[in-house]
Amino acid sequence: MIKNLNLKDFRNYSNLDLGLGSRLNLFIGANGQGKTNLLEAIFFTAMLRSFRTTHVKDIRRIGSKGFYIGMEVFNGKWDRKLEIDYYQVRKLKIDQNPVSKASEFIRELRTVAFSPDDINIVTGNSTFRRRFIDILISIMVPGYMTALHTYMTALKSRNAVLKAHDNNSAMISAYEPMMAESALFIIQQRDYYLKILTEEMNSLLSGFYDGKAVFEIKYRTDVPVDITSITKKFDSDRKKDMLRGFTGFGPQLDELELLLNGKTMRNYASTGQCRLISLCLKMAEVNILASDSNSSKENIVVLVDDVTGELDEKTRNSFFKVINQAGQAFFTFTEKPDDDYFKDSKIYSIDNGSVF
């Protein structure tokens with residue numbers, strides 16, 4: 001549970017010190033006042049990335065050189081102080097002690113963000129689906145974020161050499177052992193958790209379609225299933241990579257195809273179906289986190305950014321039941337909702353970067 005949030009130069013917040021000791025919290029205000037920015041700050045502290053942008057520079061307040069987030073959390077046993085200083089280079093601290101690895105920092109909170117943009121997981125390109133499953137696995141599996149970082153850093157360096165077309169085979173191949181090891185770990189974890197996600201999705205959807213809907217995720221990867229085969233593929237593809245100027249295979253190209261009753265959702269599903277599936281994917285993520293016996297539900301934090309208004313009563317009730325498993329929840333609204341679910345919530349009014 002988050003007890004306090006301190007922001008400096010984050011989006012439209014120049015300096016904010018906000019107490020957040022309640023289990024259910026509502027941020028209420030007109031559009032463009034900073035409600036979503038508060039959710040983003042919480043998510044960024046949990047995952048060291050935004051659910052709105054891939055560019056960290058977009059997060060800092062206009063005219064500033066960086067930003068700071070400080071957060072006090074209670075994980076069910078003891079208090080923690082988490083700090084992110086992003087003014088020069090990223091500096092992470094837990095209880096004033098420097099933390100060098102992102103994978104160590106993100107263990108303190110397990111956060112799921114619901115956003116209107118979640119429909120892109122279903123309708124968008126594979127980047128959105130890979131990002132979704134990678135975030136889930138990063139929360140569940142120590143070392144997964146490190147493997148992703150190792151692979152993507154080596155991929156970027158290898159591609160830079162390939163793009164230069166200097167045909168330095170020794171330099172190109174130097175990155176391949178670490179890429180092979182990381183790639184194997186990545187695809188193994190994706191395959192495992194996509195199966196868990198599919199099972200959880202069908203359990204959720206049985207309540208909406210009376211057991212008549214079958215949800216599938218087809219995971220397509222060109223990465224072989226053992227280190228020796230991956231190494232051989234790097235070797236056999238190296239000349240082709242030199243000609244095209246980039247690495248032509250790997251987990252960065254994996255496709256996750258979503259199907260409902262055997263039909264590809266991107267091509268055949270209605271907008272309503274796509275919105276329901278995207279909502280259920282995030283609900284399934286909450287269920288998976290809540291079922292993890294190795295971690296407390298107390299540190300599950302749900303962030304809901306204006307996605308409940310158009311839900312029918314049945315869907316809203318199912319949604320509230322799922323997120324009620326979390327230790328803490330934050331919602332954004334332009335006006336206070338009438339649902340009984342929110343009758344005991346703590347209300348914060350947001351106005352142009354100020355909270356009352």
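Modeller: Let us begin with a pair of helices.

Biologist: Is the crossing of α7 and α8 left-handed or right-handed?

Modeller: A crossing is left-handed if the near helix is turned anticlockwise from the far one by less than a right angle, and right-handed if clockwise. The crossing of α7 with α8 is right-handed. Please note that this is a predicted model, in which local features need pLDDT of at least 70 and side-chain atom pairs count only at pLDDT 80 or more, whereas totals for chains, interfaces and linings use all residues. Residues are numbered from 1 along each chain as its sequence is written, and side-chain values use heavy atoms, with hydrogens and water left out.

Biologist: At what angle do the axes of helix α7 and helix α8 cross?

Modeller: Axes are lines fitted to C-alpha atoms, for helices over the stretch in contact, with angles from 0 to 180 degrees between N-to-C directions. The axes of helix α7 (residues 176–209) and helix α8 (residues 227–244) cross at roughly 130° and come within 9 Å. Angles under 35 degrees count as roughly parallel, over 145 as roughly antiparallel, 65 to 115 as roughly perpendicular and the rest as oblique. The pair α7 and α8 is therefore oblique.

Biologist: Which residues in α7 and α8 meet?

Modeller: Contact means heavy atoms within 4.5 Å. On the α7 side are E176, M179, A180, E181 and L184, and they meet I227, I230, T231, F234 and R238 in α8. Sorted by class, the contact of α7 with α8 has 6 nonpolar, 1 polar and 3 charged residues. Here Ala, Val, Leu, Ile, Met, Phe, Trp, Tyr, Cys and Pro count as nonpolar, Asp, Glu, Lys and Arg as charged, and the others, Gly among them, as polar.

Biologist: How are α7 and α11 oriented to each other?

Modeller: Helix α11 (residues 313–323) packs with α7 at an angle of about 150°, and their axes are 11 Å apart. The two helices, α7 and α11, are therefore roughly antiparallel. Their crossing is right-handed. In this contact L204, G207 and F208 in α7 meet K314, T315, S318 and V322 in α11. By class, the α7 contact with α11 has 3 nonpolar, 3 polar and 1 charged residues.

Biologist: How are α4 and α7 oriented to each other?

Modeller: The axes of α4 and α7 are 10 Å apart, and the packing angle is about 95°. The helices α4 and α7 are therefore roughly perpendicular. From α4, the residues R130, F132, I133, D134, I137 and M140 meet Q189, R190, Y193, L194 and L197 in α7. This contact of α4 with α7 has 7 nonpolar, 1 polar and 3 charged residues by class.

Biologist: Is S126 buried or exposed?

Modeller: Buried means under 20% relative accessible area, exposed over 50%, and partly exposed in between (1.4 Å probe, protein chains only). S126 counts as buried because its relative accessible area is 10%. This serine is found in helix α4 (residues 126–140). Leaving aside neighbours within four places in sequence, S126 is in contact with D254, E255 and L256.

For another buried serine, consider S278, at 5% relative accessibility. S278 lies in helix α10 (residues 271–290). Not counting residues up to four places away in sequence, S278 touches D118, I119 and V122.

Biologist: Is D210 buried or exposed?

Modeller: D210 counts as exposed, because its relative accessibility is 62%. D210 lies in the loop between α7 and β9 (215–220). From D210 to F356 the C-alpha to C-alpha distance is 44 Å, and the two are 146 residues apart in sequence.

Biologist: What is the phi of D9?

Modeller: D9 has a positive phi of about 60° although it is not a glycine. D9 lies in strand β1 (residues 2–10), and at 13% relative accessibility D9 is buried. N261, also not a glycine, has a positive phi near 55°. N261 lies in the loop between β10 (255–260) and β11 (263–264) and is partly exposed, at 46% relative accessible area.

Biologist: How many helices and strands does the protein have?

Modeller: Helices (H or I, at least four residues) and strands (E, at least two) are DSSP runs, numbered from the N terminus. The protein has 11 helices and 15 strands. Of its 356 residues, 53% are buried.
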